Amino acid sequence: MCLAIPARLVEYIDAERQYATVELGGVRRRVNTCLLTGNDATAPGEYVLVHVGFALSRVSEAEARETLRLLEGMGAAYDDEMDQVRRAPELQP
Amino acid sequence: MKFADEFRDAGLARTVAARIAAECGERHWKIMEVCGGHTHTIFKYGIEDLLPPGVELVHGPGCPVCVIPMGRLDDGIALARQDGVILTCFGDLMRVPGSDGSLLDARAGGADVRMVYSPLDALKIARDNPDRRVVFYAIGFETTAPSTALTLLRARAEGLGNFFVFCNHVTIIPPMKAILDSPDLRLDGFLGPGHVSTVVGIRPYEFVTRSYGKPVVVVGFEPLDILQGVHMVIRQVLEGRCEVENQYRRVVHDEGNPKALDVLARVFRIRPHFEWRGLGFISQSALELNDDFADMDAEKVFTVPGVRVADPKACQCGEVLKGVLKPWECKVFGTACTPETPIGTCMVSSEGACAAYYNFGRYSRARDRETALRALPVTAAGAPR
Amino acid sequence: MSEPAGGHRAGSGAAIRAAAESVTDPEQRVLQRIAEIRKRRPALRETAISMSHGAGGRAGHTLTQALFAAVLGNPYLDQLGDQAVVPVAGLDGALAVTTDSFVVSPLVFPGGDIGELAVNGTVNDLAVGGAQPLYLTAAFVLEEGLDVALLRGIVESMRRAADRAGVEVVAGDTKVVPRGKADQLFITTTGVGLVRQPGRLGVHRIQAGDAVLLSGAIGDHGATVMLARGDVDLEAPGLRSDTMALWPLVAALLDADVEVHFMRDATRGGVATVLNEAAQQAGVAVAIDEEALPVHDEVRGVAEILGIDPLYIANEGKLVAVVAAADAERAVAIMRSTPEGAEATRIGEVRADPPAMVFIRTAFGGTRVVDMLVGDPLPRIC
């Protein structure tokens with residue numbers, strides 16, 4: 001059961017932030033946002049991962065960019081970069 | 001950024017594939033992905049076409065529809081046939097064959113079976129039909145279980161008395177362990193299930209590295225994620241490392257989602273054992289509703305046959321699920337067992353390895369192996385590294 | 001990683017090659033066997049009709065071939081075309097006859113209603129056979145309790161669609177069934193048209209090397225109706241059904257003497273179904289390019305969210321045309337000059353091998369099979 005897709009959180013529907021409208025390609029859907037707490041707290045305009053009508057987690061743009069950067073860097077200096085990343089304190093859990 | 005297209009870029013894919021080819025050497029690599037979503041992506045994008053012939057992706061038992069034994073299907077059908085019951089389930093389940101037909105057949109026979117896209121849809125049906133009893137056939141790994149849990153909590157909060165769950169949620173770690181313990185298989189590493197990990201984090205996979213010495217890379221679902229994951233597994237082995245790495249950092253926190261784990265604990269408990277199609281009984285591998293929710297537990301409130309049904313003799317789903325057999329190696333693949341006349345679950349679910357191979361892979365496998373063979377260098381590439 | 005000695009390297013390469021070669025053979029045998037089986041006449045195993053039989057996919061085709069065609073068969077029916085083209089003594093050309101029924105729910109949706117579908121759908125079945133649509137009949141099965149104002153609106157819609165398409169509804173019938181015995185309204189039509197050049201179009205004319213064209217963006221109708229039904233909690237305000245009569249587009253191609261070999265409108269089961277039918281009936285392969293497929297953003301969004309492939313979603317105003325390669329560019333230009341074909345484009349080509357297979361070259365650089373639809377396009381949740 002793994003189909004979960006990133007969609008943009010448009011706005012929260014209720015005051016308690018239990019439901020929100022998300023949008024993907026012009027299509028809007030209402031999802032439950034009870035799981036978006038702590039590290040996954042999401043502000044309108046950011047992206048979330050949606051699965052069976054629930055937002056499971058926040059999609060981090062910073063991490064996404066970093067992942068893409070690593071992929072793009074898979075040319076000459078890739079290996080050096082990987083070593084640096086593993087040692088970088090700000091990207092440790 | 002939309003977080004999808006960027007991770008499907010063909011040019012980047014070729015770069016990563018080239019790195020893999022440059023570094024994988026002569027060894028025959030076997031990397032298992034345990035998530036049905038990965039199986040689907042691999043076939044849909046033809047990722048195996050891009051990988052060098054020496055790197056083999058083995059499809060594991062990560063499709064939660066595929067691992068449901070026939071007896072549990074029969075139980076669901078029995079529920080659907082009870083007076084006043086509306087049985088709700090995800091689309092994938094509708095055509096899975098039980099001993100005597102599928103849920104779709106049961107519907108043709110008069111049972112009220114309705115497809116939903118979310119357990120919340122099932123809850124709505126319960127609200128809209130107070131005189132009927134609505135049963136939600138819950139399936140899925142830890143990715144989906146919190147959604148079922150939240151729905152049950154909501155039903156409780158609203159005081160609904162006509163909503164029930166037939167719980168078939170399973171957990172990912174025990175089958176991974178069963179595979180690792182299996183003598184049939186020699187694996188070099190795992191691509192860990194990305195969305196399960198959004199819930200459970202990456203720590204649960206440490207037993208694989210510590211006790212079995214195989215690297216695990218938790219991976220996303222776009223084709224570039226999978227390619228990067230394969231590369232990371234190979235790098236670990238070549239560098240003599242054996243760790244759990246997180247490739248899917250944009251969505252997976254190493255410690256998971258504490259709120260999701262909390263709702264799971266409030267609603268479910270672990271079954272002592274559960275039968276997995278093809279893998280037999282596995283301890284502590286599935287969830288059931290705990291005592292606080294006994295009144296919403298379909299197994300307790302209704303009578304279900306609860307009969308253990310053996311797979312048809314011809315069916316080799318078990319071996320395919322363990323990655324021991326490739327789909328086309330199954331005796332009945334494509335002959336008696338086809339997508340429209342499925343014998344086993346691997347052929348029904350869109351994530352099952354057999355359905356994926358039949359629907360997507362059939363043509364390119366034969367043709368491109370020829371091409372790949374011709375392109376295989378006689379000497380290893382003079383890799384820069 | 002330390003490099004192995006040169007000879008060692010070559011030996012290992014040979015080992016991989018040998019292993020791969022020995023694996024290719026048994027796999028090839030299995031694939032061969034499957035190809036043989038797929039050629040056989042299908043058998044109908046089910047004892048009860050299920051929704052799969054109506055989805056436009058494999059089950060429906062089996063039902064048609066193994067039951068209807070098997071029992072009613074004759075040279076016209078056996079061709080299983082969108083229309084039957086029959087000679088009439090003294091007629092300059094041939095008569096095209098078709099029938100269709102419409103059971104869509106809800107009756108009214110963004111972009112149209114069941115009435116408009118009924119007229120356009122029937123007109124299109126005639127048009128793709130190269131027939132100028134002339135006359136329609138319409139039979140109505142009404143459920144007790146159906147709102148008369150709603151019915152009037154639908155019939156007025158049919159009048160407008162008929163006028164636009166240049167056809168007349170010349171005969172009709174009405175039946176009423178008790179409440180619960182029909183989902184508000186079913187419409188069945190017959191269409192009659194004139195084919196000036198019989199034999200110009202048909203699966204038998206499809207050849208390896210032909211270009212495959214599509215008259216516009218796919219999936220609009222099915223996605224619109226799915227959302228309009230209210231089963232899914234999705235909103236896509238820009239989405240509307242693409243229902244329209246395609247005869248002007250077809251006439252433009254025929255009048256310009258474009259070397260069109262075959263055309264079919266892509267309704268239930270989507271473009272994938274039409275391509276598979278053509279590939280099977282003509283015994284050829286069809287290869288299409290994922291990047292060439294026109295899909296509106298909102299259809300893509302719905303498809304992504306629900307896990308369905310736009311290739312399988314129903315359309316009501318789109319056709320696939322197979323034309324001689326040399327005429328492809330001109331054909332696309334002509335289609336684009338018509339309102340119905342503004343987004344027309346080439347999507348692929350016909351090949352000799354492997355027969356009866358449709359495959360897609362993905363944007364990603366891989367290739368995968370696009371099979372006939374199995375079951376209903378139940379959206380993937382997994």
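Residues are numbered from 1 along each chain as its sequence is written, and chains are lettered from A, with ligands numbered from 1, in the order in which they are written. Because the model is predicted, local features need pLDDT of at least 70 and side-chain atom pairs count only at pLDDT 80 or more, while totals for chains, interfaces and linings use all residues.

**Exercise 1. Find the strands that pair with β1(A).**

Step 1. Learn the terms: strands (E, at least two residues) and helices (H or I, at least four) are DSSP runs numbered from the N terminus, and two strands pair if DSSP finds at least two bridges between them.

Step 2. Start at strand β1 (residues 5-12) of chain A, which pairs with β4 (residues 47-51) of chain A in the antiparallel sense over 4 bridges. Here Ile5(A) stands opposite Val50(A).

Step 3. Now look for β2 (residues 19-24) of chain A, joined to β1(A) by 4 bridges and also antiparallel. Arg8(A) faces Glu23(A) across this pair. In the hairpin of β1(A) and β2(A), 6 residues lie between the strands, and Arg17(A) takes a positive phi near 60 degrees.

**Exercise 2. Describe where chain A touches chain C.**

Step 1. Count the residues in contact (C-beta atoms, placed from the backbone, within 7 Å): chain A gives 12 and chain C gives 16.

Step 2. See which element of chain A leads: strand β3 (residues 27-32) supplies the largest share, 4 residues.

Step 3. Follow β3(A) across to strand β9 (residues 234-235) of chain C; 2 bridges join them, and they run antiparallel. Arg29(A) stands opposite Leu234(C).

**Exercise 3. Work out how α6(C) and α9(C) cross.**

Step 1. Locate α6 (residues 247-255) and α9 (residues 328-336) of chain C, whose axes come within 9 Å and cross at roughly 140 degrees. The axes are lines fitted to C-alpha atoms over the stretch in contact, with angles from 0 to 180 degrees between N-to-C directions.

Step 2. Name the angle: under 35 degrees is roughly parallel, over 145 roughly antiparallel, 65 to 115 roughly perpendicular and the rest oblique. The helices α6(C) and α9(C) are therefore oblique to each other.

Step 3. List the contact residues: Leu249(C), Ala252(C) and Leu253(C) come from α6(C), and Ala331(C), Ile334(C) and Met335(C) from α9(C).

Technical notes: Two residues are in contact if their C-beta atoms, placed from the backbone, lie within 7 Å.
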